[in-house]
Amino acid sequence: MSVLSAKVRRMLMLHTSDWHLGRSLHRADLRAAQAAFLDHLVEVVRAEQVDVVLVAGDVYDRAVPPVDAVELCEDALLRLHATGARIVLISGNHDSARRLGFGGGLLDKTGVHLRTRVGALARPVLLADAHGPVAVYGIPYLEPDAVRDELPPDPGNQENPRSQENPRSQENPGPLGPPRGHRGVLGHAVRCIQADADARGVRRRVVLAHGWVTGGAACESERDITVGGVGQVPAEVFGGFSYAALGHLHGQQTLAPHLRYSGSPLPYSFSEAAHHKGSWLVELDGAGTARAERVPAPGYRRLSVLRGRLAELLESGACAPYEGDFLSVTLTDQSRPEGAMDALRARFPHVLVLTFEPEGAVPDGRGYRDRVAGRDDLAVAAEFVRHVRDAPATPGEQRLLTEAFQAVRLAEAG
């Protein structure tokens, strides 16, 4: 997009995050689904003439991603760049910031802006539309214990009287020590950003951040980030921005009109089965007010949960709509059926999870140590047989177990 065209039309942003390229779902390959989402993303950016794409972290699923995931990301960035949009991308807690940020200085010159270095978080990407400048800042994921000494100097530390009240607290570290906890380091980062925007005289400010903001709903597929301090940060931290593009939580959600999670483009656990996946198309007006419209992500394969006896699930016509879904199945038969997974996959080829919860069974709330206390090896093994089959070991099985333990003891003695 030329500089002239950017100045005569509204500022339009597309907010996405948590691609987790390279991730599978209980070993099911998701590469085709991830590629289809990126195709969709490129098409939306082209069709809507988006000015800037905001990618709020967790581009990859692990620090050293597989080669095909890197190729998929490179291809997506090339095609997004070809639309004329600028791209601002931060690292998340799943990414290796250094690997993801390699070549960032060179890419900056092309309009692909990688914000993965802590020391550069207050360096904006400056854009413009008919109403003037917009400053876009990217805060990479900040692990408190790892980054507090890399943060830029806090412009509010010496001047904020509250910082003297409790200089060693997480919220107000004060001049006697670095910030602590997620709230401390994010607050520090935001103060640095606001000071930079003030110095530039830019009123409309956009920020990308990766973390857990209070009020956001979590699910099972997100990696815990509470190590190193309190995991959540208050929404008030982002009160001075026109728009805050958040990443980390996988459910698309709105915490305030200017404060949103785009969520992951695909469900990465069965706890996300009811999610409606997508991204946000955000328009910024001249006063710095953001108006967001949800853009649904393309569906790939639905996630569903089934529960019941094996025979019922195999024969029921009511289960026909689930035959093409990724499934988590809980069997409630009194005894564990033999070959249950093979039988289920004959009708439901995409069963990924199978658990057993016999009807009427009362769960044993004791820990493993308490359950085996005072029992010999044979008793523990026989109890395992009973648990698996919901029936005691037969005399023949008891004899086989006894012989097996005796053989092991002889081998260890020899």
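Analyst: Val53 stands opposite Ile87 in strand S3. This is a predicted model. Strand S3 comprises residues 86-90, and strand S2 comprises residues 52-56. The two strands pair in the parallel sense, with five bridges between them. To pass from S2 to S3, the chain runs through helix H3 (residues 67-82), and this β-α-β crossover is right-handed.

S3 also has a partner in strand S4 (residues 112-115): four bridges join the two, and they run parallel. Here Ile90 stands opposite Arg115 in S4. As for burial, four of the five residues of S3 are buried, so the strand is largely enclosed by the rest of the structure.

His15 belongs to strand S1 (residues 11-16). Its relative accessible area is 0%; because the cut-off for buried is under 20%, His15 counts as buried. The side chain of His15 makes a polar contact of 2.8 Å with the side chain of Tyr243, and it also reaches the backbone oxygen of Leu246 at 3.0 Å.

Arg399, by comparison, is exposed, with a relative accessible area of 52%. Arg399 is placed in helix H12 (residues 395-413). Its C-alpha atom is separated by 9.9 Å from that of Leu378, a residue 21 residues apart from Arg399 along the chain.

Definitions and conventions: Residues are numbered from 1 along each chain as its sequence is written. This is a predicted model: local features need pLDDT of at least 70, side-chain atom pairs count only at pLDDT 80 or more; totals for chains, interfaces and linings use all residues. Side-chain values use heavy atoms; hydrogens and water are left out. Buried means under 20% relative accessible area, exposed over 50%, partly exposed in between (1.4 Å probe, protein chains only). Two strands pair if DSSP finds at least two bridges between them. A crossover is right-handed if, with the strands pointing away from the viewer, the path from the first strand over the helix to the second runs clockwise. A polar contact is a pair of N or O atoms within 3.5 Å; within protein, one must be able to donate a hydrogen and the other to accept it, and residues adjacent in sequence count only if both atoms are side-chain atoms.
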